Amino acid sequence: MNPQAEPQPLSQTAARKRGPRHIFWQNGGMRRRITLRTQLLLLQMVIVLITVVGTGGVAILTQQHQLRANYQDRMVGVAQSVAENPVIVEAFNTRDPSSIIQPITELISKSSGIAYAVVMNADGIRYSHPDPSRIGKHVSTDAAEVLSGDIFVGTQTETMGTSWRVKVPIFSAGHAVIGAVSVGVLESDLRNEYLSNATWLFVTIGVAAIFGVVGAAWVTAVIRKRIFGLEPEQIAGLLEEREAILHGVREGVLAVDNRGRIALINDAAVHLLSLGDKPDVVGTLARETLDGSLVELLKDDGAEQSLILSGERVLLVRRDVSKIGGQEIGSILILRDNTDLHALLRDLDGVQGLADGLRAQAHGFANKLHVISGLLELGRVEQAVSYISHERAGGALTRLAGQSGIRELEVAALLLMKQVRADELGIDITIEDASALPALSACASAETLREDLLTIIGNLIDNAVEATGSGGRISVLMAYLAGSGEVSISVSDSGEGIAPELRDRVFASGYSSKAALPGALSTGRGIGLTLVKRIAARHGGVVDIKEGLESTRSGGSSPSGAFGARITVYLPIDPENLVPERLLDAEPVEPA
């Protein structure tokens, strides 16, 4: 993945050219593809129609119930008014009751809007009827219930057809049942009145259904436009490809929106930022989750690329602005792990220093051989023997021969390389005679400790070399404190020193008293001491800063007065990581 390249969104045309994963419905041996637009339209139409029809059905049932309730109240009122009418009650005692009752019931039927009002005696003989020819005849329905004194409400079929009726008993002055009155409405009349009233309801339901279908079609078009006309299988394919690409690249990708919240992070970024212990960082605030240096880079609109220390990793971070439709929606950080590259460069620098030392040593031996050869040719054998006896056994690679207490071979080799390199720069590095470091075992924890020791020693000496410059002096003292079970690594220099008020600040990531070199990419200054501090903290150790060697700076104008700086790291060591003394060779490991 090239961090310099702008991420380009997939165009709608390109997305449509992808082979969609077709969805087919089997029907009679033929397969027919149903598009998302059709599916959405059909689903919304079904929902709209079910809603409208359901609502209309409830409204129809409610209206029908209300209509019957109104007629029932009217029929009960008419029946009771007829049954309690004194004229009708007294007419039962006359010789021709129908001549009095028939005109009254006809008038009441017309005025109340009911189909009929039939009055009968206790034997079921009619005294009134809409069809006068049926007066004096027995009723066609069972009247036993009402003649027993109860009120009847229900639907019955008789000579006029099926009707919904109410029957009320007629009581004499002595409260004896002398007859009954039946008031009813034909079901056909109820149906016609209901249909006439329901016409507008059906029209309203139809209009609502039409608007619902049109709205469903509009919503379908809007949704399809929002998803760029893609089908569900195409969207799923794009999502799968995005996840595969995002989590498959080795570079870390981290996106932060304009609200400062993490919107996206891939597996590589989780690993590089050591966020594996947090279950889900998406949606959290960047300032609460990320290192301060990354947060500052997000705030710096002018920064594009920088070396940042995250935990104990040196990361090359590139910041890009994410835009949609020309509008900024957040920032994207592309992370590359430069820790291995820094270690490789450090090793390469050591190898180069060792090669230069060997070349210088070979050149020195050649000159000495020339002197000895010349003395022998001149016949000065005694002088040649004296010259040989006064020369040291070895050259630049034997300067640590007296440091027999340093038993860890890789640490001794690193010190030797640093000495050779410092000689080229005109800096004198002295390894104190009292230095001692036990040999480390080959277990996994010891390997981690060995790498951490090399990182600490290398960074401390590199910082001291930068602080002193040509003509400066550096002293290195290492000691193993068996009583407390810790190793102390102390590097003193004759540079400008560190003022007391700055001794806490120098451990902040990115802080350096040296100016950064020009260029788009930061030189990574201000990382070394921060890394030393974090490694020591991980092991439960501490870092201490005090005055060092007498300053060699002109005029003694160092911030700490006339002395340089001494940085000491106290690092606890588990005894299990050390090689037992009884297993060591009789002769200790010497760097040269």
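1. Helices here are DSSP runs of H or I with at least four residues, strands are runs of E with at least two, and both are numbered from the N terminus. In these terms, Gln44 lies in helix α2. The model is a predicted one, in which local features need pLDDT of at least 70 and side-chain atom pairs count only at pLDDT 80 or more, while totals for chains, interfaces and linings use all residues. Residues are numbered from 1 along each chain as its sequence is written, and side-chain values use heavy atoms, with hydrogens and water left out.

2. Is Gln44 buried or exposed? Gln44 is buried, because its relative accessible area is 19% and buried means under 20% (exposed is over 50%, partly exposed is in between, with a 1.4 Å probe and protein chains only). When neighbours within four places in sequence are left aside, Gln44 is in contact (heavy atoms within 4.5 Å) with Ala216, Val219 and Thr220.

3. Four strands make up an open sheet, in the order β3-β6-β5-β4, with antiparallel pairing; two strands are said to pair if DSSP finds at least two bridges between them. Since β3 (116–121) and β4 stand at the edges with a single partner strand each, one side of each is left without a neighbour in the sheet. Helix α2, which spans residues 36–83, packs on this sheet and touches β3, β4, β5 and β6, and its direction makes about 35° with that of β5; axes are lines fitted to C-alpha atoms, for helices over the stretch in contact, and angles run from 0 to 180 degrees between N-to-C directions.

4. Within the sheet, β4 (residues 152–158) and β5 (residues 161–171) pair over seven bridges and form a hairpin with two residues between them. Gly154 has Arg165 of β5 as its bridge partner.

5. A nonpolar core is a set of buried Ala, Val, Leu, Ile, Met, Phe, Trp, Tyr and Cys residues joined through side-chain atoms within 4.5 Å. The largest such core has 48 residues, among which Leu415 and Leu460 touch the most other members, and helix α14 (residues 444–468) gives the most to this core, with ten residues. Apart from this core lies another of 29 residues, including Met75, Val82, Ala83 and Ile101.
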